[in-house]
Structures are given as structure tokens and as C-alpha cells.
Amino acid sequence: MTSPTFSLVQQYAAPRGPVVHVDLYRLKSDAELDALGWDELVSSAAVLLVEWPERAAHTLPADAIAITLSHDLDDPARRVLRVVSPFRR
């Protein structure tokens, strides 16, 4: 799965419904979020993966989960996975 930076939205078929991967980095306004069909994406995706979720934090579902990947400061070859539920707005 690659980042949808250029296209902003990538959809993948999955057995339990579509997996939608969205990159909101370039969005500047709620109007641009609406132009993506954001409400429909949120309501129809079985899984919605959002890069730069803070750009849509006020519209994320109440049960959204934040997953953060970062490099381990003591060992840059290792990654640290942090899961926060619910997503902090």
C-alpha cells in the first residue's frame, strides 16, 4: 500500500468492504475536504486510514483510533508503534 499523496485517495477492495487510504497533507480548507467526498468516505469505508488526520479532526468519528509510527530514539533501525483510542482532537 503506497501513500496516496498525489491522488489523495486510494481505495482497495477487501472481504469486509473497502479499505480507503487518504492523505490530507495538501488540504487547506473544509471545502477541499468536502470536495473529496469526505462524509461518504467516512460512512462507507470498512477501514479508513488517514494521513495528517489533524486536518479533519473535527469530522473524524468519535471511535477513531490514532496509530503513530516513529523511529526509536535509542535505535533508529527500530520503529515504535503507538496506539491511542480514541483519537485526541
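Here are a few exercises on this predicted model, each with a worked solution.

Before you start, note that residues are numbered from 1 along each chain as its sequence is written. As the model is predicted, local features need pLDDT of at least 70, side-chain atom pairs count only at pLDDT 80 or more, totals for chains, interfaces and linings use all residues, and side-chain values use heavy atoms, with hydrogens and water left out.

**Exercise 1. Work out what pattern the chain follows along the sequence.**

Solution. Start by counting elements: the chain has 2 helices and 5 strands. These are DSSP runs, with helices being H or I of at least four residues and strands E of at least two, numbered from the N terminus. Next, read along the sequence, and you get β-β-α-α-β-β-β. Finally, look at burial: 27% of the 89 residues are buried. Buried means under 20% relative accessible area, exposed means over 50%, and partly exposed is in between (1.4 Å probe, protein chains only).

**Exercise 2. Find which residues have the most contacts inside the largest nonpolar core.**

Solution. The largest one here has 17 residues, and V9, V20, V22, L24, L33, W38 and F87 have the most contacts inside it. Then check the elements: β2 (19-23) and α2 (38-44) each supply at least two residues of this core. Now zoom in on W38. Leaving aside neighbours within four places in sequence, W38 is in contact (heavy atoms within 4.5 Å) with V22, L24, L33, L48, V50, A56, T59 and L60. As background, nonpolar side chains tend to be buried together in soluble globular proteins.

**Exercise 3. Describe what lines the largest pocket.**

Solution. Take the size first: about 790 Å³ of space lies in this pocket. A pocket is an open set of points on a 1 Å grid over the protein atoms alone, where a 1.4 Å probe fits, with protein on both sides within 12 Å along at least five of seven lines; lining residues have an atom within 4 Å of a point. Of the 21 lining residues, L48, L49, V50, I65 and I67 are the closest to the centre. Step two is to ask where the lining comes from: β3 gives the most, with 5 residues. Last, sort by class, and you find 17 nonpolar, 2 polar and 2 charged residues. For this sorting, Ala, Val, Leu, Ile, Met, Phe, Trp, Tyr, Cys and Pro count as nonpolar, Asp, Glu, Lys and Arg as charged, and the others, Gly among them, as polar.

**Exercise 4. Say where H71 and D72 lie, and what their side chains reach.**

Solution. Begin with H71, which lies in strand β4 and is partly exposed at 46% relative accessibility. Its side chain reaches the backbone oxygen of P76 at 3.0 Å. Move on to D72, in the loop between β4 and β5 (79-84). D72 counts as buried, at 16%, and its side chain reaches the backbone nitrogen of D74 at 2.8 Å. Beyond four places in sequence, D72 is in contact with R78, R79 and V80.

**Exercise 5. Is L8, a residue with positive phi, buried or exposed?**

Solution. Phi of L8 is near 75°, and L8 is found in the segment before β1 (9-12). With a relative accessible area of 16%, L8 is buried. Compare W52, whose phi is about 60°: W52 is partly exposed, at 37%.

Notes. A polar contact is a pair of N or O atoms within 3.5 Å; within protein, one must be able to donate a hydrogen and the other to accept it, and residues adjacent in sequence count only if both atoms are side-chain atoms. Grid points are joined across faces, edges and corners, and a volume is the space filled by probe spheres set on the points. A nonpolar core is a set of buried Ala, Val, Leu, Ile, Met, Phe, Trp, Tyr and Cys residues joined through side-chain atoms within 4.5 Å.
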